[in-house]
Protein chains: 2
Amino acid sequence: MPAPLRLGIAGLGTVGAGVMRLVQAEGALIAARAGRPVQVTAVTARDRNRNRDVDLSGCAWAESPVALATRPDIDVFVELIGGETGPARDAMFAALAAGKDVVTANKALLAHHGHAIATAAEAAGRTVRFEAAVAGGIPAIKALAEGLAGNRIRRVVGVMNGTCNYILTRMEEAGLPYEAVFEEARGLGYLEADPRLDVDGIDAAHKLSLLAALAFGTRVRFDAVQMEGIGRVRIEDIRHAGELGFRIKLLGVAQMTGRGLEQRMTPCLVPMASPLAQLRGGTNMVVLDGEASGPIALRGAGAGAGPTASAVLADVIDLARGNRYPMFGIPAAMLADPVPAVVAAPAPYYLRMDLLDRPGALARVATALADAGVSIDRMRQRAHEAQTAPVVIVTHRCAPDAIAHALAAFPATGVVMGEPVTIRIEAE
Amino acid sequence: MPAPLRLGIAGLGTVGAGVMRLVQAEGALIAARAGRPVQVTAVTARDRNRNRDVDLSGCAWAESPVALATRPDIDVFVELIGGETGPARDAMFAALAAGKDVVTANKALLAHHGHAIATAAEAAGRTVRFEAAVAGGIPAIKALAEGLAGNRIRRVVGVMNGTCNYILTRMEEAGLPYEAVFEEARGLGYLEADPRLDVDGIDAAHKLSLLAALAFGTRVRFDAVQMEGIGRVRIEDIRHAGELGFRIKLLGVAQMTGRGLEQRMTPCLVPMASPLAQLRGGTNMVVLDGEASGPIALRGAGAGAGPTASAVLADVIDLARGNRYPMFGIPAAMLADPVPAVVAAPAPYYLRMDLLDRPGALARVATALADAGVSIDRMRQRAHEAQTAPVVIVTHRCAPDAIAHALAAFPATGVVMGEPVTIRIEAE
């Protein structure tokens, strides 16, 4: 039997403990597939004495992530600490400098420092694998970097944050406002310690920026993701959207356009009958559209101990088998520094506004839209009791600029009250 | 720049020509990802003079597949001839004996000779990759053999034959009987030269047997797939199923049970709202249920020049990168010889029969079912004009044996006319 692949695991939270349990429970299966035994040689975590319901008797305990990362008795540093700075970052670079391969679930770290890490890895002749950083148990990174490697990628679309998806689903099903469901989710422990990571779309945007780098051969540009969280999604928009045959999802879209690299993580309307709309709770979906392959959709659990451990083990087994290539699919020096697209590609839009209930009000809005070059697909005025009437419009495909011009012209109509709501409509 | 990876392509039909075009169109992209140039050194096909709209000027022409497979100027033999015997098989073994890696789309060959091929490959220190053999452009083999390698696999479910899916979809949408749609599909060129490969479920069963071997670490046992084609699917069953909230799909299921390895490729009812039911035309879906990952669903085009070429290139790029492991995920000598399960796991069933329109007829049938241990979830008697009434029953989950016992007892009731129809109900 060849020599075992020796892992050092930093971080024994849900995912770290899940990896330990999986390695212990399926050792024989993993060894058969990996071509050699996989063992955990050493671990570290913040609190040595916490009860984790995991057998650590066979592992050495390292005093710090950096100490673990540089131990001579590990081959692969498994970074499951999280966070874009501090011990995770220090240990990542220390591991590479010490000649270790790295497996990580840390999307924040890679989104912020991906290019520096890829460069450091190549300088050290090592690689960094991060299947667990994106979409939990779904092998989305592998599908993109390997399964579709023969394709020019046209577009990546996905729902990649289970907490946001849970909140939006629950709002729709229970008819509850955002704030109520947010508190409910907090009570259930569904939110990160800093909930903005989830509900502001930051976590999902981290993932999107990694997929975009792989898809388009560009440096990670998390800073260039156009980001909008779900905090402004109103229950009435969920209802109106539903009546028009749409659902609201926090949707990530990345595409290379003539105007540069477009990366967006924003609430969007998607057709109710589409697979994206049917995702419930923590289920993620990533759609990879290759020129030769056409769209390939992947769906599965986006988080949790089991799914994330599955992704970590996939990377570990790849390393054991010798499946090695540069972190973002091509050598770091070849990764282009992308020009971020300032304006998104044209799309249909959903508009909601309150109109003064007076003759000619609708006509004024329609004229403002027409003057801006926005043509109307559907328009509905809802029943109302107040002096204003809620009006919902679905436009034909139009440039975001045109929508902005129309919005700018609304005040002068004298009939649009308050701030109109605009939500982009996307499809798989 | 490292030395190029040199391909020899046997077979220049739709797929072979698609691979040539993709290599030529995306040479730079492929080289960047593969870490070395990929070039087609030599080709062969049945007819040298056929116009294929592909530039062959840079390639040598080999006089036969075996001659191509053994050329010293190729590294990888790409077998796109098809067929389980003859030149494809001869060339496959010749290539391995000559120390070449092999990439193939030939599901029939692998389904029949998979174990011998895996053994020959290992003896030669080479490997055989076959992403293109299953589900077209979907990286299903990679997801299973690599992406979920940390998982014990519980179940594989999928729709894997686009032609059958087209026929069933068209029957439903146009309200046409099987025979009419079959002729239509033949006219459109959708059917294989031997249409039984498609409509009898043989092609899809080939694919299922390969997925099962990878999933469960067993030798390929195509002979043990329980197979039933779509030729007996009646338009009235599609209608009744629809009214009950189901669609009929040719569904593959493989699972390892206490009674052995179960492999089935048969028409099944699936819930209308499920992603499997929503597949249209040539779209395939494969659901891989791992113990740690939970179910992972993959969807995409199941055939065609582009998607299949994408799968071939994924394998080629893997080989160029050095991603090598045994053909079925573990060494051939470790593949278990599975005990085929004789009887399928319990499931709900759909039953349709014609009952004599006389008092007590339904009660007799219900009694026969109860006596056999089959409990009824729903029963509907349809409006009718003849002396017999069509009755449709959905059972609760029950053993297939129980259904068989009930069917055996029906003649004695004196009220069941003709042969009842039974179709299994499956879910993702």
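These questions and answers take up how terms apply to a predicted model.

Residues are numbered from 1 along each chain as its sequence is written, and chains are lettered from A and ligands numbered from 1 in the order in which they are written. In this predicted model, local features need pLDDT of at least 70 and side-chain atom pairs count only at pLDDT 80 or more, while totals for chains, interfaces and linings use all residues.

Q: Why is Gln263(A) called buried?
A: A residue is buried if 20 or more other C-beta atoms, placed from the backbone, lie within 10 Å of its own, exposed if 12 or fewer, and partly exposed in between. Gln263(A) has 29 other C-beta atoms within 10 Å, so Gln263(A) is buried. Gln263(A) lies in strand S10 of chain A. Helices (H or I, at least four residues) and strands (E, at least two) are DSSP runs, numbered from the N terminus.

Q: Why does Arg6(B) count as partly exposed?
A: Arg6(B) has 18 C-beta neighbours inside 10 Å, and therefore counts as partly exposed. Its place is in strand S1 (residues 5-10) of chain B.

Q: What makes a contact, and which residues does Arg6(B) touch?
A: Two residues are in contact if their C-beta atoms, placed from the backbone, lie within 7 Å. Not counting residues up to four places away in sequence, Arg6(B) touches Gln39(B), Thr41(B), Asp73(B), Ile74(B) and Asp75(B).

Q: What makes the buried residues of H13(A) line one face of the helix?
A: Helix H13 (residues 361-371) of chain A has the buried residues Val365(A), Ala368(A) and Leu369(A). Down the axis of H13(A), these fall within an arc of 100°, so they line one face. The arc is that of the directions from the helix axis to the C-beta atoms. The face turned away from the buried side of H13(A) carries the exposed residues Ala363(A), Ala370(A) and Asp371(A). Gly373(A) follows H13(A), with a positive phi near 85°.

Q: How do you know that the buried residues of H11(A) line one face?
A: In helix H11 (residues 235-243) of chain A, the buried residues are Asp237(A), Ile238(A), His240(A) and Ala241(A). Their arc, seen down the axis of H11(A), is within 165°, so they line one face of the helix. Among the elements covering them are helix H7 (162-174) and strand S9 (246-257) of chain A.

Q: Why are H2(A) and H12(A) called oblique to each other?
A: Helix H2 (residues 27-34) and helix H12 (residues 305-321) of chain A pack at an angle of about 45°, with axes 9 Å apart. Axes are lines fitted to C-alpha atoms, for helices over the stretch in contact, and angles run from 0 to 180 degrees between N-to-C directions. Angles under 35 degrees count as roughly parallel, over 145 as roughly antiparallel, 65 to 115 as roughly perpendicular and the rest as oblique. H2(A) and H12(A) are therefore oblique.

Q: What classes do the residues of the contact of H2(A) with H12(A) divide into?
A: They divide into 5 nonpolar, no polar and 2 charged. Ala, Val, Leu, Ile, Met, Phe, Trp, Tyr, Cys and Pro count as nonpolar, Asp, Glu, Lys and Arg as charged, and the others, Gly among them, as polar.

Q: What makes up the side of chain A that touches chain B?
A: 48 residues of chain A are in contact with 48 residues of chain B. H12(A) gives the most to the side of chain A, with 9 residues. By class, that side has 24 nonpolar, 15 polar and 9 charged residues.
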